[in-house]
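Work through these exercises with the model open beside you. Each task is followed by a solution in short steps.

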Amino acid sequence: MARAQGARAQMALAFETTYGTPPVSGFTKMPFASTTLGAEQPLQTSELLGYGRDPQAPIKDAVTADGDVVVPLDAEAFGFWLKAAFGTPTTTGAGPYIHEFRSGNWALPSFSVETGMPEVPRYAMYSGCMVDSLNWQMARSGLLTATASIVAQGENIATSTAAGTPTNIALKRFGHFNGSITRNGANIGNVVSADLTYANNLDRIETIRADGKIDGADPSIAALTGNVVVRFADQTLVTQAINGEACELEFSYTLPTGETLTLTAHAVYLPRPRIEISGPQGVQATFDWQAASDPVAGRMCTVTLTNDREDY
C-alpha cells in the first residue's frame with residue numbers, strides 16, 4: 001500500500017471568476033516548501049441532561065478552512081501570491097515586463113488551490129481562497145521564503161485531480177545574497193535582519209448556511225509592519241523616531257539575469273527603541289516599524305516585480 005510522502009506532494013493555483021467556484025482550467029503548478037492549508041469541523045459536546053452520566057452524540061459545528069503556505073521568493077511564481085495579496089497589477093514594458101502591485105485595493109481576487117498526494121490518491125481542492133497576510137524575513141544567509149496566510153471557503157476531497165495538467169513555471173529564486181535595504185534612497189548600514197508583513201485583515205462573512213461555510217472574506221484596514229535589527233553605529237534612526245518623522249524604506253532583490261523584486265514602503269514610522277548593553281559584544285537596536293498611507297504617493301506601499309511573464 002502506497003503511503004503519502006511530502007516529497008511527492010503537488011500544488012496548483014488558479015484565480016476564480018466566481019467566488020468559491022474552482023475554474024475548470026488555467027491552473028499553474030506552484031512551488032512550495034510546506035503548507036498547513038486544510039479544513040476542520042469541530043464537534044460540540046452535548047449538554048443535555050436526563051440520559052445518565054454518559055453523554056449523547058456530539059453535534060457538528062461550522063467548517064473552518066484556512067492555513068499557511070510557505071513559498072519561495074522567485075521571479076515568476078511569487079507574482080501569483082502578490083496578485084492575491086494586493087490585487088491585479090499594472091503591467092508595463094515589452095519584455096522584460098514590469099508588474100506594479102499597489103496597496104489599498106478594495107477588490108481582491110479569490111483563487112482555488114489544489115494540493116495533491118498522488119500515491120494515496122488524495123486531491124484536496126480549496127476554493128474561495130484569499131490571502132490574509134504575506135510575510136517574509138531578510139537575513140544574511142539561509143533559504144529565502146515567504147509565508148502566505150490563507151482564508152478559504154471550503155475543501156473538496158477527490159481521488160483524482162480537478163486541476164488538469166497545470167502549467168509549469170521555470171523557477172528562478174531570489175536569495176538573501178541578492179537583497180538590499182535602503183532608507184530614503186540611501187543604503188542602511190549595519191542591518192542584521194529585517195522582517196516585513198503585509199496584512200489585509202480579512203473579515204470573514206459568517207452567515208447561516210446549510211453547509212457551514214463562510215459567504216466570503218472582505219478586506220478591512222490593511223497594515224504593513226515589520227522590524228529592522230541594526231548594529232548601533234549612529235543616531236540616524238533614533239533621531240527619526242524621537243522626531244516622529246516618516247521615511248521611505250525599500251526592500252529589494254536583484255538577480256544577475258535582470259529579474260527584480262522591490263517592496264517600497266512610502267511612509268514608515270519608527271518607535272523609540274530601548275538601547276541595551278547586554279555584554280561585551282556589539283550593541284544592537286530593534287526598530288518595530290509601521291507604515292502608513294503617504295499623501296504624495298497616495299498609498300502605503302508599492303511592490304514591483306520585473307520578469308519575463310507578460311501578465312498575471
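## Exercise 1: A glycine inside a strand

Leaving out residues up to four places away in sequence, glycine 128 touches Glu16, Tyr19, Gly20, Phe111, Ser112, Val151, Ala152 and Gln153. Keep in mind that this is a predicted model.

**Task.** Say in which strand glycine 128 lies, and decide whether glycine 128 counts as buried or exposed.

**Solution.** 
- Step 1. Find the strand. Glycine 128 is part of S11, residues 122-138.
- Step 2. Check the accessibility. The relative value for glycine 128 is 1%.
- Step 3. Apply the cut-off. Buried means under 20% relative accessible area, so glycine 128 counts as buried at 1%.
- Step 4. Look across the chain. Glycine 216 is 88 residues away along the chain, yet the two C-alpha atoms are separated by 7.3 Å.

## Exercise 2: The whole protein

**Task.** How many helices and strands are there in the protein, and what share of its residues is buried?

**Solution.** 
- Step 1. Count the elements. The protein has two helices and 23 strands.
- Step 2. Take the box. Along the principal axes, the C-alpha atoms fill roughly 70 × 55 × 40 Å.
- Step 3. Take the burial. Of the 312 residues, 44% are buried.
- Step 4. Sort the contacts. Among those with a separation of 6 or more, 70% join residues 24 or more positions apart.

## Exercise 3: Helix H1 and what follows

**Task.** Why is H1 described as largely enclosed by the rest of the structure? Then place glycine 87.

**Solution.** 
- Step 1. Go through H1, residues 78-86. Its buried residues include Phe78, Trp81, Lys83 and Phe86.
- Step 2. Draw the conclusion. Nine of the nine residues are buried, so H1 is largely enclosed by the rest of the structure.
- Step 3. Glycine 87 has a positive phi of about 105°.
- Step 4. Name its place. Glycine 87 sits in the loop between H1 and strand S8 (90-93).
- Step 5. Check its burial. Glycine 87 counts as buried because its relative accessibility is 1%.
- Step 6. List contacts. Beyond its neighbours within four places in sequence, glycine 87 is in contact with Leu82, Phe101, Asn105, Leu108 and Pro109.

## Exercise 4: The nonpolar cores

**Task.** Which residues touch the most other members of the largest nonpolar core?

**Solution.** 
- Step 1. Take the core of 65 residues. Phe78, Trp81, Phe111, Trp136 and Trp289 touch the most other members.
- Step 2. Return to tryptophan 136. Residues up to four places away aside, its contacts include Leu73, Phe78, Leu144, Tyr253 and Leu263.

## Exercise 5: Following paired strands

**Task.** Which residue of S20 is the bridge partner of threonine 182, and which residue of S15 stands opposite threonine 182?

**Solution.** 
- Step 1. Pair S14 (residues 179-183) with S20 (residues 246-254). They run antiparallel over five bridges.
- Step 2. Read off the S20 partner. Threonine 182 bridges to glutamate 250.
- Step 3. Turn to S15 (residues 186-187). S14 and S15 pair antiparallel over two bridges, and threonine 182 stands opposite asparagine 187.
- Step 4. Go on to S21 (residues 260-269). S20 and S21 pair antiparallel over eight bridges.
- Step 5. Trace a row across. Isoleucine 181 stands opposite phenylalanine 251 in S20, and the bridge partner of phenylalanine 251 in S21 is leucine 263.

Note on methods:
Residues are numbered from 1 along each chain as its sequence is written. This is a predicted model: local features need pLDDT of at least 70, side-chain atom pairs count only at pLDDT 80 or more; totals for chains, interfaces and linings use all residues. Side-chain values use heavy atoms; hydrogens and water are left out. Two strands pair if DSSP finds at least two bridges between them. Helices (H or I, at least four residues) and strands (E, at least two) are DSSP runs, numbered from the N terminus. Buried means under 20% relative accessible area, exposed over 50%, partly exposed in between (1.4 Å probe, protein chains only). Contact means heavy atoms within 4.5 Å. A nonpolar core is a set of buried Ala, Val, Leu, Ile, Met, Phe, Trp, Tyr and Cys residues joined through side-chain atoms within 4.5 Å.
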